[in-house]
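Reader: Hi! I'm new to this one, could you walk me through it?

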Amino acid sequence: MLKGFKDFLMRGNVIDLAVGMIMGTAFTTVVTALVSSVLMPAISALIGSPNFDSFLAVGPGEQIKIGVFLTAVVNFLLIASAVYFCIVVPIQKLTEIATRNKVEEEEEEEETELQLLKEIRDSLAQK
């Protein structure tokens with residue numbers, strides 16, 4: 001039973017998932033700092049308030065606070081855009097560059113092999 005549990009834990013996907021969760025949790029602090037310390041003050045400088053909590057409060061007593069929802073939506077969009085433009089796009093570019101370099105190397109190897117085969121053919125034809 002313990003061997004099966006050890007095998008389960010040592011499979012790559014469980015380890016990868018654990019590492020991903022840890023990195024995601026650590027990265028949350030970075031994204032939160034970016035949004036709360038950089039993006040929200042910039043919005044505050046443009047429109048005068050860093051959130052919309054009091055915007056469109058409807059009803060007496062217990063109010064329907066549409067502004068709270070708008071603040072959450074804006075925060076989500078800011079976080080999503082920060083993750084996309086600061087992480088996803090650069091990683092895609094790096095992957096594209098690495099793939100392109102690998103393809104170019106393979107093409108160069110094929111050309112070199114082809115050239116050697118032609119030289120061997122020509123050499124044999126001369127003899």
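**Salt bridges and surface**

Author: Happy to! Let's start with E96, which is partly exposed at a relative accessible area of 43%; partly exposed sits between buried, under 20%, and exposed, over 50% (1.4 Å probe, protein chains only).

Reader: Which side chain does E96 meet in a salt bridge?

Author: That of R100, at 3.1 Å, N to O. A salt bridge is a side-chain nitrogen of Lys or Arg within 4 Å of a carboxyl oxygen of Asp or Glu. R100 is partly exposed too, at 40%.

Reader: Where do E96 and R100 lie?

Author: Both are in helix α3, 4 residues apart, or about one turn of the helix. Helices here are DSSP runs (H or I, at least four residues) and strands are E runs of at least two, numbered from the N terminus.

Reader: How many salt bridges does the structure hold?

Author: There are 2. D122 and R121 also pair through their side chains, at 3.3 Å, N to O. R121 is exposed at 52%, while D122 is partly exposed at 38%.

Reader: New topic: how confident is the model?

Author: This is a predicted model: local features need pLDDT of at least 70, side-chain atom pairs count only at 80 or more, and totals for chains, interfaces and linings use all residues. Residues are numbered from 1 along each chain as its sequence is written, and side-chain values use heavy atoms, leaving out hydrogens and water. The chain's mean pLDDT (the predictor's confidence in each residue, from 0 to 100) is 77, and 83% of its residues reach 70 or more.

Reader: Where is confidence lowest?

Author: In strand β1 (residues 57-58), at a mean of 65, whereas α3 is highest at 81.
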